[in-house]
Amino acid sequence: MLDLINVSYDTQIPNNVGLSEDKKVLKALEKWHPGYINWWNDLIPQNFQDSMVYLRTAVSVDPKGWAKFDYVKMPEYRWGVLLAPAVEDRKIPMGEHKGETAWQEVPGEYRNMLKRLIVIQGDTEPGSVEQQKFLGLTAPSLYDMRNLFQVNVEEGRHLWAMVYLLQKYFGRDGREEANELLVRSSGSEDAPRMLGAFNEETPDWLSFFMFTYFTDRDGKMQLESLAQSGFDPLSRTCRFMLTEEAHHMFVGETGVGRTIQATLEAMNANGITDPYDVGKIRDLGVIDLPTIQKKLNLHYTLSLDLFGQEVSTNAANAFNAGIKGRYMEQRIDDDHQLQNDTYPVTSIVDGQIKTEDVPALTAINMRLRDDYVRDAAGGVGRWNKLIAKSGIEFELKLPHEGFHRQIGVFSTVAVDPDGAIMSSEEWMKRQDEWLPTKADGDFIQSLMVPCYEAGKYASWIAPPKVGIDNKPGDFEYVKLHMA
Amino acid sequence: MNAPVKQHLIDPEICIRCYTCEMTCPLNAIEHDDNNVVVNADICNFCMDCIPVCPTGSIDEWRVVETPYTLEQQYEFEELPEQEDIEAAPASADQSAADPVAALLAEAHAGAGGKAKAPVSSAKPTVNMYTLGKPATMKVQGNYRLTDDPDHDVRHIILDPGGVPFPVLEGQSVGIIPPGTDEDGKAHLPRLYSVSSPRDGERPGYHNISLTVKREDKGLASNYLCDLKQGEDVQVTGPFGATFLLPSKPDAHLLLICTGTGSAPMRAFTMQRQRSGATGGMTMFFGARTPESLPYFGPLKKVPEAILKQHLVFSRVPDQAKEYVQDRMIAQEDAIADMLQDDRTHIYICGLRGMEEGVEKALTSIAESVGIQWINQRDVMREDGRYHVETY
């Protein structure tokens, strides 16, 4: 009998979907595999590829087996196709098909819609690895380097997950799309990644932490809503990806938190109480809190753009079709069809920011973005607790959702972080107060010196409170290959 | 008073509110508000599905409590409450009868001359997680003879808790329940043994535990243990003990004084200090009849002196004068006197009760040589969590 919990290694591709008995898909994936390995090998500097990294790998997809830790070279990481266990007799949770048995095959009428959603999700996964490819060179510790590589290999696996769906369920189109995923490249002139935030640079580690906190959180929200899908293989894929995504959230939240902690400790040790005494604080080799606020402003607003238009018929169609749900759909207490409900959406009327009720079905994106904002605010609150505990008077804030937006109703107006509409000239004049300047970037860059000694950390970041897999403080998370 | 129960909690200072645990829990025992993620003690059945999916480690927290923290209390947590020292509750006659383990430990620690305290920086121990009514089942992974002396059959026994969490710190004990019943037809009470492996396992990361057991003539539990074969199941209670623990400070210096199987916690200490890269060093006085009857004689020889300075002392070597640990301590008077005056020093004494008197006398005389009154010094160190005695 097919074992759908434990990971099978009887093909080149670890999987729990019975690949060895599915010759056609196996062949397609094996054909795709070398291109993937090439993509990986060309991406990350060679000495890291040859290093032993203490990574987590799934040996089964039930809770007991999916977090086994051991040293592995990244190119030998067991990328594979892992789906969460099937829920028996699962029903479509929302939309016009609500209550019908979930689809095990792609329903013809929704084929294109589904393919597009899977391709967009798939495109973000390699995109972020491309953005982060050089960060190992400036890792502030072996602990952080290990976390970076864990994020990278798991994004790689998420690409695999999406490619499997394309190859298995979308025939020739799917194969072409799978190949295209390896052709497009972050920041490329000719073939950029599909979403803007994945073409931005990740030039330094604070950017990386902000990215994993804010941008990967958008990924988490998208995965949450795809996990509701009536197309069961997509739902199961996304449910398993979410357990891995949680690690990325962890890297972001603790990374920013530890950066703040190092700043607070340095300020207190040197008797600096004014957080705006930027020059003196920077002389201590830490990043001042106002600059951290600016980085937050940037990454938060880029991430808000990922949610698309506030009012969207595409999103309405996907929900109605039972293809994509809402965040925590099962826990929402309504009819899950939204035929008669409304939802408040912001809009610009006569140069003013207003809220108006629109049909809830068309406001799916807005609702997901609101859930995102709430989720993102939690960590900011916990960072502020660190600051409050240190006695320094400063509070980090999420800027107004109209600030610095390229997509949606706010893209036509200039809004400051407090939500005041102003002229574009005024905004341009003042943007250096709100967003990181080149000088800010240069300063952060100047701190990006590698720290490769086990248990040691660069000046600008505090050690973690708990080690990965409960390891002690000086554990050698990466055994660096010395060329 | 309610009987203490084990409660699963989440550390709000480490948790990132990803709610993966909540989505994983098969019983919906985990929920959250805008502040915290909490575990409903009425529902949680310790299935442990939530433990590996947590990206932070905040989920692996346990407290033994008389009344579980309510959801409302947990929602208000800014940080985790500390484990209350349930073992050290005042041992009235009634309670000793009700809790034989606490009574046994109190008796074993009596030689410290007052109420035992854990080192300030020690890791927080989990206690009483498994009880006589609900023991953990462990599998024997190995049973090795440590000594080469027909009168002294000492065994190194490795037990694997499998998927069951058994968080035990060096210096803690576990209870072994011998199978069968006593004359009155009642199940046997657990016998206590110190673990001789460090916190992350005999093999690092595997969380298996080892025991050091000497076969006692007619001893029910010791004969049962020493005869165990690989693959057999053993019923285990505990962990027990919240004071005979290691300091976490890497620069602490440990003075370890033991005889026979009193070496069990010392082995755990040594391994943990080695694995954690502690810098403060250790000095050991270890007494046995002969090298052949000294447990871990071979492995000890491989521990570098920079980590553990060893004084292995023998009382029955043919053609040699009898030497006991206290004799060697007196011979090392200057070194020990320096240690007594250094507040990084932590003293641990473990072995047969008979060793207490001699060691106490030696320490008194060494302290006097530098003008210190030992009784006072001992009380200061004990209050500080730096003087520990466990004898039986």
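Predicted model: local features only at pLDDT ≥ 70, side-chain atom pairs only at ≥ 80, totals over all residues.
1. Within the helix itself, which spans residues 313-320 of chain A, the buried residues are A:A315, A:A318, A:F319 and A:N320. The cover over these buried residues includes helix 3 (111-131) and helix 11 of chain A.

2. Taken as a whole, chain A has a secondary structure of 13 helices and 7 strands. Of its 483 residues, 47% are buried.

3. A pair of helices in chain A deserves a separate look. Two packed helices are described by the angle between their axes and the distance between the axes. For helix 1 (residues 23-43) and helix 5 (residues 171-183) of chain A, the angle is about 10° and the axes are 10 Å apart. Angles under 35 degrees count as roughly parallel, and helix 1 of chain A and helix 5 of chain A are therefore roughly parallel to each other. On the side of helix 1 of chain A, the contact is made by A:A28, A:W32, A:G35, A:Y36 and A:W39, while helix 5 of chain A contributes A:R175, A:A178 and A:L182. Sorted by class, this contact has 6 nonpolar, 1 polar and 1 charged residues.

4. Chain A also contains an open sheet of 3 strands, in the order 2-1-7, with antiparallel pairing. Its edge strands are strand 2 (68-73) and strand 7 (478-479) of chain A, each of which pairs on one side only. Strand 1 (residues 52-57) of chain A pairs with strand 2 of chain A in the antiparallel sense over 6 bridges, and one can follow this pairing at A:R56, whose bridge partner in strand 2 of chain A is A:F69. Helix 4 (residues 142-169) of chain A packs on the sheet, where it touches strand 1 and strand 7 of chain A, and the direction of this helix makes about 50° with that of strand 1 of chain A.

5. Where the two chains meet, 18 residues of chain A are in contact with 17 residues of chain B. On the chain A side, the elements that give two or more residues are helix 7 (232-269) and helix 11 (364-390) of chain A. Helix 7 of chain A gives the most to this side, with 7 residues. By class, the side of chain A that touches chain B has 9 nonpolar, 5 polar and 4 charged residues.

6. In chain B, strand 6 (residues 154-160) and strand 9 pair in the antiparallel sense over 6 bridges, with B:L159 standing opposite B:I209 of strand 9. Is strand 9 of chain B enclosed or open, judged by how many of its residues are buried? In strand 9 of chain B (residues 209-214), 5 of the 6 residues are buried, so this strand is largely enclosed by the rest of the structure.

7. The UniProt record, in an unreviewed entry, places the feature "binding site" at several positions of chain B, including B:K214, B:T261, B:S315 and B:K322. B:T261 lies in the loop between strand 11 (253-259) and helix 7 (263-276) of chain B. A residue is buried if 20 or more other C-beta atoms lie within 10 Å of its own; B:T261 has 24 and is therefore buried. Beyond its neighbours up to four places away in sequence, B:T261 touches B:V154, B:T212, B:V213, B:K214 and B:P295.

8. B:S315 is partly exposed, because it has 16 other C-beta atoms within 10 Å. Leaving aside neighbours within four places in sequence, B:S315 is in contact with B:G287, B:R289, B:K322, B:E323 and B:Y324.

9. Lastly, B:G111 sits in the loop between helix 5 (100-108) and strand 5 (136-145) of chain B, and this residue is buried, because 20 other C-beta atoms lie within 10 Å. Not counting residues up to four places away in sequence, B:G111 touches B:E356, B:V389 and B:T391. The C-alpha atoms of B:G111 and B:E357 are separated by 9.2 Å, although the two residues are 246 residues apart along the chain.

Terms used:
Residues numbered from 1 in each chain as written. Chains lettered and ligands numbered in written order. Helix = DSSP H or I, 4+ residues; strand = E, 2+ residues; numbered from the N terminus. Buried ≥ 20, exposed ≤ 12 C-beta atoms within 10 Å, placed from the backbone. Contact = placed C-beta atoms within 7 Å. UniProt positions renumbered as here; feature names shortened; annotations may be inferred. Nonpolar A, V, L, I, M, F, W, Y, C, P; charged D, E, K, R; others polar. Pairing = 2+ DSSP bridges. Axes fitted to C-alpha atoms, helices over the stretch in contact; angles between N-to-C directions. Parallel < 35°, antiparallel > 145°, perpendicular 65-115°, else oblique.
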